[in-house]
Amino acid sequence: MSPSERQPEIPAAEGGCACTCQQAGKTAAGTDARRGMSLSSALRRLFQSQAPTVKPGAGIDFAVVDALVEKQKGKGRGLIELLQDVSEHYHYLPPEALHRISQRMDVPLSRLYAIATFYQDFKLKPQGRHRLVICTGTACHVNGSTAIVDVLCRELNLKPGETTGDGRLTLATVNCIGLCGVGPVAMLDGEYHSQLTAEKALELVKTL
Amino acid sequence: MNTLTDRESIALHRERVVAREAGKIRIFVAGGTCGCAAGAGGVKDALYQELERRGLLAKTSLKITGCHGFCTMEPMVLIARDGCLRIMYRHVRAEDAAEIVEQSVCDTRIVERLVYTDPESGEKISEQERVPFFRLQTRRILDWNDHIDPLEIDDYIALGGYVALANALGMPSGSVIETLSRAGLRGRGGAGFPTAVKWTLARGAVEQNAKAGVESAACYIVCNADEGDPGAYMDRSILEGNPHSVLEGMVIGAHAVAGGLACVQKGYVYVRAEYPMAIRHLSRALTQARELGLLGENILGSGLSFDIEIVKGAGAFVCGEETALLESIEDRIGEPRPKPPFPVISGLWNWPTVLNNVKTWASCRYILDKGAEEFAAVGTDGSKGTMVFALVGKVRNSGLIEVPLGITLRDIVEKIGHGVCDGGHAKAVQTGGPSGGCLPASKFDMPVDYSSLAEAGTIMGSGGMIIMDEQTCMVDTARYFLNFAVNESCGKCTPCREGVRHMHDILVEITAGRGRPEHLDMLDRMGRMIIKLSFCGLGKTAPNPVISTLRYFREEYEAHLAGKCPAKVCTALIQYTILETCKGCGVCLRKCPVGAISGSPRELHRIDPEQCTKCGICRKACKFAAIEVN
């Protein structure tokens with residue numbers, strides 16, 4: 001994953017810090033919070049810079065978040081699991097949902113943000129309707145997956161981790177899916193495609 | 001399902017299961033993630049329909065199993081009859097089902113065209129045991145993968161599963177650890193720490209807590225299945241194909257570390273979220289083990305109470321480091337903790353915690369089942385037993401192999417792997433993933449064990465073994481691994497966060513043709529410094545790929561400094577040109593994704609170097625080998 005995907009850029013400082021942010025550590029939000037910018041406004045501004053066709057956080061049904069929170073509450077641990085469940089439902093972590101979890105679980109928003117930006121599975125931007133993941137594990141790399149990613153990036157005019165302007169496709173890379181024996185491998189919407197070539201990859205994208 | 005209440009009931013249950021299946025012809029379809037990606041599901045459905053049509057369902061037992069290991073031959077089907085060697089069919093398609101059933105199930109004939117053919121002698125080999133890929137292995141952890149429907153605990157018990165647990169529970173905890181010590185088992189996650197020592201330290205800590213009467217004392221047993229090393233997938237395969245072997249090992253561990261002592265015990269399996277099938281099979285295995293009373297309160301009447309929970313990773317390579325993994329289970333970001341205290345003394349929520357790799361747990365099961373002597377019968381003095389490797393990259397037979405430690409790299413690459421694809425030569429073997437190094441062909445006769453690999457500048461790691469040929473650029477490989485480390489560094493300590501990034505930037509310069517002679521010494525110096533100063537294993541090993549390639553492939557670095565990439569991989573240093581032999585067929589022109597090729601039909605075509613992105617599609621497409629790369 002590109003570093004840009006892991007640590008989304010957050011605009012420069014504004015306003016006072018309203019939340020506890022000691023735990024944000026090295027994250028960009030932590031830095032911004034130290035500069036005096038509130039995390040919630042950092043998150044809000046982050047989402048304002050999204051792809052125009054996908055309205056961020058549109059139609060958040062708090063009943064869904066609340067039900068997932070209830071499931072986790074009282075378990076002692078499972079905050080990451082809760083974020084995974086929420087992320088699975090929305091295909092990303094909407095800021096409204098993070099706020100809600102923060103209130104309901106009595107956890108500082110900064111801690112949720114630290115987790116959400118540290119682990120690569122969490123996305124803070126809405127994802128495309130289709131998801132093409134190219135494996136860049138060593139075996140796939142040796143068999144030419146990097147060249148395939150380059151071709152796709154050029155064709156789609158995207159960087160790995162980005163979504164097309166029309167919200168159709170997110171192109172991502174993964175460190176290893178574990179199908180090293182039949183690489184290069186791609187996963188399109190959960191379906192595996194083995195022994196990939198640049199040509200096959202272009203065809204895959206065209207079918208969408 | 002009846003709960004098993006004592007140790008003897010395992011054997012009785014096994015007899016019942018074996019009697020139920022006796023005399024049936026058994027058909028196994030390899031259905032790990034790779035098998036399924038190749039179409040194993042369709043093959044199984046077709047076989048089922050054919051058996052049903054012929055009224056053979058009662059006489060046969062059709063199972064979809066985990067991965068058999070021979071990934072290049074997927075989808076594979078095995079047919080086993082009592083008293084016969086197993087027939088192995090490879091590259092099976094759904095359309096072949098009728099013929100397979102007619103020839104090999106109704107009759108004892110063989111479908112010749114689906115049988116493995118030795119690429120050199122041309123001999124058709126129908127029995128799995130005789131195929132060189134399998135014949136040269138010592139499969140102890142992987143062999144049950146061939147016969148078990150991972151969703152059925154009875155399949156596992158039928159082969160002798162949970163016998164090891166019954167054995168262990170019949171021994172005092174100390175004897176279990178002593179057995180592991182005699183076996184000489186070392187951690188299979190990479191570092192090779194002696195498992196018995198780890199368990200003894202943990203037991204000491206638990207005993208101390210018990211003696212001091214610490215209130216609500218706890219102890220944790222953790223399985224590290226966060227297999228993040230790119231190029232390694234054996235842990236996935238074991239969890240998918242034989243999850244009970246890991247669970248059984250963990251219950252044995254719980255008994256050994258805290259059996260008979262007053263403390264709450266709990267197990268966690270930390271598994272990558274990228275492995276959905278492993279997670280599915282593991283949770284089913286947990287449910288079934290609980291139903292049979294092999295997990296939960298008072299396991300097999302021994303007084304041991306222990307249960308296991310799955311924790312899904314969220315995509316952070318550093319969480320494979322033990323203390324970072326513990327942080328992640330505790331719902332924090334995966335930044336490693338300072339050591340000491342080591343997790344065996346103060347791990348999860350500051351309680352003694354034993355953390356071992358998937359293969360280590362599965363090996364514990366084997367040792368308690370077959371005995372320490374049997375385990376130690378293969379291997380070398382310092383490295384006993386077998387190791388599972390993922391043999392991948394530019395090798396003809398790629399897949400998962402289990403070999404005795406001490407085997408030579410040459411045997412692995414040439415005999416099991418059958419050499420390099422397309423008749424090339426193996427230039428290097430990379431072991432240990434981003435923490436390991438690359439070994440040149442001149443080292444292929446050295447034995448594969450913990451100490452020899454360390455001396456040669458690499459590590460065993462979790463078992464990734466990537467074969468590289470002349471078309472693999474070693475500088476690019478080093479850059480690739482450092483790029484990985486840069487992205488995966490948690491950022492806690494400066495040498496790893498900043499140092500590795502600087503090394504990466506230098507390698508980018510070199511691969512882009514902007515390298516300077518002093519860069520090579522800088523890389524070596526920085527690498528050694530980062531190894532000394534980094535906080536955790538990630539940083540301490542991240543420079544290894546650079547240092548080992550500098551040691552063995554310095555001439556490739558020097559070629560890059562002179563503006564040449566010998567493997568023709570680094571795009572800034574190569575150029576595609578069309579030779580005079582071009583027939584003007586136009587295939588390359590149509591295939592080029594950026595329109596960089598021009599030319600009229602039946603005339604010599606031309607590549608515009610300004611537009612060419614060096615993706616290589618044209619060269620692969622050209623039927624006349626008229627496109628050259630320099």
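Two strands pair if DSSP finds at least two bridges between them. Helices (H or I, at least four residues) and strands (E, at least two) are DSSP runs, numbered from the N terminus.

This is a predicted model, in which local features need pLDDT of at least 70, side-chain atom pairs count only at pLDDT 80 or more, and totals for chains, interfaces and linings use all residues. Residues are numbered from 1 along each chain as its sequence is written, while chains are lettered from A and ligands numbered from 1 in the order in which they are written.

**Chain A**

Chain A holds 10 helices and four strands. From the N terminus the elements follow the order α-α-α-α-α-α-α-β-α-α-β-β-β-α. Of its 208 residues, 44% count as buried, meaning that 20 or more other C-beta atoms, placed from the backbone, lie within 10 Å of the residue's own. Two residues are in contact if their C-beta atoms, placed from the backbone, lie within 7 Å. Among contacts in chain A between residues at least 6 apart in sequence, 63% join residues at least 24 apart.

| Pairing | Sense | Bridges | One bridge pair |
|---|---|---|---|
| β1(A) with β3(A) (residues 186–188) | antiparallel | three | A:V133 with A:M187 |

Helix α4(A) (residues 62–72) packs on α5(A) at about 155°, with the axes 10 Å apart. Axes are lines fitted to C-alpha atoms, for helices over the stretch in contact, and angles run from 0 to 180 degrees between N-to-C directions. The two helices α4(A) and α5(A) are therefore roughly antiparallel, the term for angles over 145 degrees. Their crossing is right-handed, that is, the near helix is turned clockwise from the far one by less than a right angle. On α4(A) the contact uses A:V64, A:V65, A:L68, A:V69 and A:Q72; on α5(A) it uses A:E81, A:L82, A:D85, A:V86 and A:H89. By class, this contact has six nonpolar, two polar and two charged residues. Ala, Val, Leu, Ile, Met, Phe, Trp, Tyr, Cys and Pro count as nonpolar, Asp, Glu, Lys and Arg as charged, and the others, Gly among them, as polar.

**Between the chains**

At the interface, 41 residues of chain A are in contact with 48 residues of chain B. Five helices of chain A each supply at least two residues of the touching side: α5 (79–90), α7 (109–118), α8 (138–142), α9 (145–156) and α10 (198–206). The largest share, five residues, comes from α9(A). This side of chain A has 22 nonpolar, 11 polar and eight charged residues.

**The sheet of chain B**

Four strands of chain B form an open sheet with mixed pairing, in the order β2-β1-β3-β4. At the edges stand β2(B) (60–65) and β4(B) (87–89), each with a single partner strand, so one side of each has no neighbour in the sheet. The twist averages 15° from one strand to the next.

Strand β1(B) (residues 25–30) runs parallel to β2(B), joined by six bridges. Within that pairing, B:I25 has B:T60 of β2(B) as its bridge partner.

Two helices cover strands of this chain. Helix α3(B) (residues 40–53) lies across β1, β2 and β3 (77–80) of chain B, at about 170° to β2(B). Helix α4(B) (residues 97–105) packs on the sheet and touches β1, β2, β3 and β4 of chain B; its direction makes about 25° with that of β3(B).

Methods. A residue is buried if 20 or more other C-beta atoms lie within 10 Å of its own, exposed if 12 or fewer, and partly exposed in between; C-beta atoms are placed from the backbone. Angles under 35 degrees count as roughly parallel, over 145 as roughly antiparallel, 65 to 115 as roughly perpendicular and the rest as oblique.
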